[in-house]
Amino acid sequence: MNWYQRETDKVMEAFKTSPSGLSAQEARTRLEAYGPNELKEKKKKTPLLMFLEQFKDFMILVLMAAAVIAGFVGDLTDTLVIAAIVILNAVVGFIQEYRAEKAMEALKKIATPNASVIRDGTPASIPAGDLVPGDLVLLEAGQVIPADMRLTEAAQLKIEEAALTGESVPVEKVAAALDEEGLPLADRVNMAYKGTIISYGRGIGIVTATGMQTELGKIATLLQEEETVKTPMQKRLAVFGQRLAIAILLICAIVFGAGVFRGESLVLMFMTAVSLAVAAIPEALPAVITIALALGAKKMVQKNALIRKLAAVETLGSVTYVCSDKTGTLTLNKMEVAEVYVDGQIVTNGEAGANSPLMQALALSNDAQEDADGKVLGDPTETALYSAALKNNFDKKQLEKSFPRVAELPFDSERKCMTTIHKTNGEYISFTKGAVDVLLEKANNILTTDGMQPINREAIHQASDRMAGDGLRVLCITMRKWPGLPEDLSPEHVETDLTVLGLVGLIDPPREEAAEAVALCKSAGIIPVMITGDHPLTAQAIARKLGILEGKGEIITGRELENLTPEEFARRVENIRVYARVAPEQKLNIVQELQSRGHYVAMTGDGVNDAPALKRADIGVAMGITGTDVTKEASAMILLDDNFSTIVKAVKEGRRIYANILKFIVYSMTSNAGTLWAIFLAPFLGLPIPLLPTQILWLNLLTDSLPGLSLVTEPAEKDVMDKPPRKPEEGIFSNGRGYYILRFGFVIGFLTLLLMIYTIHERMAWQTMVFTFLVINRMAVAVALRSESQSIFKIGLFTNKPLLGAVALTLALQAVVVYVPFFNQVFGTEPLNLMENVIILALSAVTFLLVEIEKMYKSIKGKKRSVDYRLEG
C-alpha cells in the first residue's frame with residue numbers, strides 16, 4: 001500500500017485508529033495478530049556443520065584420498081603433511097563462513113529499545129518490540145525510528161536516511177500527501193523508516209509496518225535468502241581437481257599394467273602406481289593458495305584495504321565490473337560551493353570574493369559552528385556555505401560582532417527557505433536563502449556592482465538551470481533592509497520585497513584520484529558503474545567528470561528500472577553506467593543480472609540497504625569510515641579510507657596473486673608431468689622404473705613446498721593492469737597452459753629417459769642421477785616460470801630473493817639425501833662424482849633455456865602482431 005499518497009485522516013481510517021491512539025486492549029490483539037516488531041532470523045547452521053562442510057570440495061576429497069593412500073604405502077610424513085594442509089584449509093573456510101553469519105546479528109542491533117506512543121489518549125513509553133500497525137508514535141531529535149510510519153505531523157523534522165536510501169544529507173519531512181505514483185523511498189518525504197535516525201525537529205507518525213514487513217525487514221529477508229557465490233578460483237579448481245583425478249587414475253592404471261606386463265613385481269608396481277598418484281597431485285596447492293592470499297591480505301592492509309574473506313584477494317583479480325557508490329567513495333562526502341551567480345555571470349567561488357553582501361549573507365544566515373579544533377560542525381549545506389564565506393575572508397565570528405542575530409524564521413520544507421534578521425548601526429537587515437523558484441517570486445530587484453537593478457527572472461532561471469544541469473544544488477540568496485525590527489515576524493510579512501544577491505551552486509566534489517582510478521579500471525578492461533541514491537542530474541555530472549559516463553553509456557533511475565521488463569533490462573544492463581535513486585532489491589537485481597551474463601562483480605556500499613547486494617556480489621566492498629556494521633559484516637573487503645582508488649590498487653594486487661597461483665600450478669604440474677612421462681614411457685622402451693616409491697614421494701614433498709610458496713611472492717609484472725580481466729569461463733588449463741604443461745612435461749620426461757639410457761650404458765649411478773636431475777630440473781623450471789612473457793635476465797635474478805633461498809635450501813636437502821650414508825639407505829641413493837653432477841646441471845640447463853627461448857619467441861611474435869595491427873589501423 002502506498003501510504004505516502006493518502007491523506008493522514010484516510011490512513012487513520014484504514015488502520016482504525018484516531019489522534020488519541022489505540023486502546024491497550026486493541027494493541028494487545030494486534031500484537032498477537034501481527035507478531036512482535038522484531039527482525040527474525042532463519043535457522044542457522046551449527047558451527048560443527050559449518051566446519052564439516054569445508055571438506056566437501058572435490059580437490060580436498062582428492063587430497064584426503066591421497067593422504068590415506070600415502071599412509072597405506074607407509075609414508076606417514078606425506079600423510080601428516082596433507083592432513084595438516086586439509087585441516088588448515090577447513091579452519092580458514094570455517095572462520096570466513098562463521099563471520100558471514102554475523103551480518104544478520106548486526107542488522108538486529110539497529111533497533112531502539114523503547115518507543116513513545118499515544119495509547120488511550122495519553123503518552124506512554126513501551127518496548128519497541130510491542131509496536132503494532134496503527135500505533136501513534138511521538139518522534140524527537142536523536143531517536144532511532146522504531147517502525148515504518150506515515151507522518152501525521154512534522155515540525156522542522158529532518159531524518160538521516162543515508163543507511164537506508166543512500167541520501168547523503170538529512171531529509172526534510174512533511175506531513176502532506178504526495179500525488180506522484182511509484183516514488184522511490186528517498187522521495188517519500190512524508191514517510192519515516194525503521195532504523196533511520198532523527199537529526200532535527202519533532203513529529204508524530206502512524207505505524208504502517210512492523211518487524212519483517214518494514215523496509216529494514218525486507219532487507220533482512222534479502223540478506224538471509226541471498227547465498228554467497230563461489231569465487232572464480234573455487235569454480236576453476238573444482239573443474240581442475242576433477243579432470244586431474246581422472247587423468248592421474250588413468251595414467252597410474254596404465255603404468256601398473258605395463259609394469260606387470262613386463263614382468264615387474266606386483267607389489268613394486270602397485271606401490272609405484274600409488275606413489276605416482278600421490279606425487280602427481282599438487283597437495284601443496286591449498287596451502288600455497290591460503291598463504292598467497294594471506295600475504296596478499298597483509299599487503300593490502302598497508303594500502304587501506306582490509307580483507308575479511310581471504311578468497312576475496314583472488315576474486316579481485318577476475319573482476320569485470322566495479323559497481324561503486326558515489327558519496328564518499330567517488331566523491332569527498334563533503335559539500336562545497338563550486339559556482340556562484342553574481343553580476344549576471346557564473347563564476348567560481350574564489351572569483352566571487354569581492355561581492356561582500358553575498359558573502360556576508362552566507363556567513364551570517366548560517367547555523368554552522370566552528371569547534372576548538374577548527375572543524376566546522378552542522379548541516380552539510382550550512383557548513384559548505386560557512387566555509388565558502390570563510391575562504392573569502394568573511395568570518396562569521398567577527399561579522400556577528402557588527403551584525404548580531406536578533407530573530408530568525410527556521411527552514412520550513414513547505415516554504416522552502418529560511419530567514420535570519422540582524423541588527424547593524426541602528427538598522428536591521430534580513431537574509432533569506434532557499435529554493436530559486438520560490439524566492440524569485442518574492443523578489444523585486446537584484447543587487448549588482450552598478451547598484452540596485454530590476455530583476456530579470458528569465459536570466460536568473462537560465463543560470464540556475466545551467467548550474468543544476470552540471471549537477472549542482474542551487475540556492476538563491478536574498479536580503480531586505482528594515483528601519484526597525486518588524487513587529488510582524490510572520491514569513492508572509494518578512495519574506496517579501498526581497499533583493500537577490502546571487503545564486504550559489506553546491507556539490508559533493510569528486511575525489512582528485514578517482515578520475516585516474518576510473519581510467520586505470522578501463523585500461524584494465526574493468527567497467528566502472530555508479531550506483532547512487534542521489535539525484536540523476538548530480539549523478540550524471542559526477543559520472544561525466546570522472547569518465548564513468550561517456551559514449552553510449554546510459555543513465556537510469558530506480559523508477560525507470562522498475563518499469564523495465566526483465567528481458568529489456570537484460571538487454572541494456574551492460575550499457576548502463578549510472579543508476580540513480582535505486583532501491584535495495586534493485587541493487588541486488590543489478591548484481592544478479594551482470595553475473596547471469598558471465599561477469600564477476602565487485603559492489604561497494606555503506607548503508608544497510610547495500611548489504612544484500614554486497615553479500616551476493618563476487619566481492620562485496622564495505623566502507624570503513626561511513627559504513628554500517630551490517631555492510632561490514634556482509635562484505636568481503638573493507639575500504640579503510642572509503643576511497644575508490646583503493647579498490648583499483650586491490651584489483652592490481654589480486655591480479656598479481658592470481659597470476660602467481662597459476663605460475664605455481666604450471667610449475668608443479670609441468671614438473672609432475674615430466675616425472676609421469678618418464679615413468680609411463682620407461683617400460684615401453686625396455687627401461688626399468690626410473691624412481692623408487694620413496695624417491696617419488698620425497699621429490700614431490702621437497703620441490704612442491706618451499707619453491708612453490710616462494711613463487712607466490714613474485715612481484716607484479718609491469719603490464720598487469722594493461723590486460724583485460726581473465727574471462728569467467730577461462731579454466732586453469734586455458735590460454736595454452738594445458739598444452740604448455742604437456743609439452744614441457746614431455747621435454748623433461750624425454751631428457752630423463754635420455755639420461756637413463758646414457759648413464760645405464762656408462763654404468764654410472766643412474767637412479768640417483770635421475771632422482772637428482774628431476775630435483776635440480778624443477779628448480780630451473782621454477783626460476784624460469786617467474787614470468788610468463790619476460791626473460792629472467794630482464795626482470796632480474798635477485799628480484800625474488802625468497803625463491804633463491806628456497807632453491808638453495810632444496811638443493812642442500814637433496815645433497816643430504818645423496819651424500820649422507822643414513823639417507824642413502826632410506827632413499828636408495830649413492831654419492832655422485834663431479835662428472836655426474838656436471839652432466840645433471842648441463843641437462844637441467846636445457847629445460848631452462850628452452851623455456852627462455854619460447855618466451856623470447858612469443859615476445860617477438862607479440863610485437864610483430866602489435867605493429868601489424870597498428871599498420872592496419
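I began with contacts in the protein chain between residues at least 6 apart in sequence: 71% of them join residues at least 24 apart. The model is a predicted one, and I read it as such.

Next I looked up the secondary structure. I found 34 helices and 26 strands in the protein chain.

Then I turned to burial. Of the 873 residues in the chain, 54% are buried.

I moved on to helix 20, residues 536-546. Which of its residues are buried? I noted Thr 538, Ala 539, Ala 541, Ile 542, Ala 543 and Leu 546. I then checked what covers them. The cover includes two elements written as strands 20 (498-507) and 21 (527-532). It also includes helix 19 (512-523) and strand 23 (576-580). Just after helix 20 I stopped at Gly 547, which has a positive phi of about 90°.

Last, I went to the surface. Glu 7, Asp 9, Glu 13 and Asp 179 form a patch of negative charge there. I located Asp 179 in the loop that runs between strand 5 (171-172) and strand 6 (191-192). Why does Asp 179 count as exposed? Its relative accessibility is 73%, and the cut-off for exposed is over 50%. Asp 179 therefore counts as exposed.

Conventions
Residues are numbered from 1 along each chain as its sequence is written. This is a predicted model: local features need pLDDT of at least 70, side-chain atom pairs count only at pLDDT 80 or more; totals for chains, interfaces and linings use all residues. Side-chain values use heavy atoms; hydrogens and water are left out. Buried means under 20% relative accessible area, exposed over 50%, partly exposed in between (1.4 Å probe, protein chains only). Helices (H or I, at least four residues) and strands (E, at least two) are DSSP runs, numbered from the N terminus. Contact means heavy atoms within 4.5 Å. Patches are made of residues with over 30% relative accessible area and no salt bridge: like charges are joined within 9 Å, nonpolar side chains (Val, Leu, Ile, Met, Phe, Trp, Tyr) within 5 Å. Accessible areas come from the Shrake-Rupley method with a 1.4 Å probe; for residues, only the protein chains shown count as cover. A salt bridge is a side-chain nitrogen of Lys or Arg within 4 Å of a carboxyl oxygen of Asp or Glu. Lys and Arg count as positive and Asp and Glu as negative; His and the chain ends are not counted. The place of a charge is taken as NZ of Lys, CZ of Arg, CG of Asp or CD of Glu.
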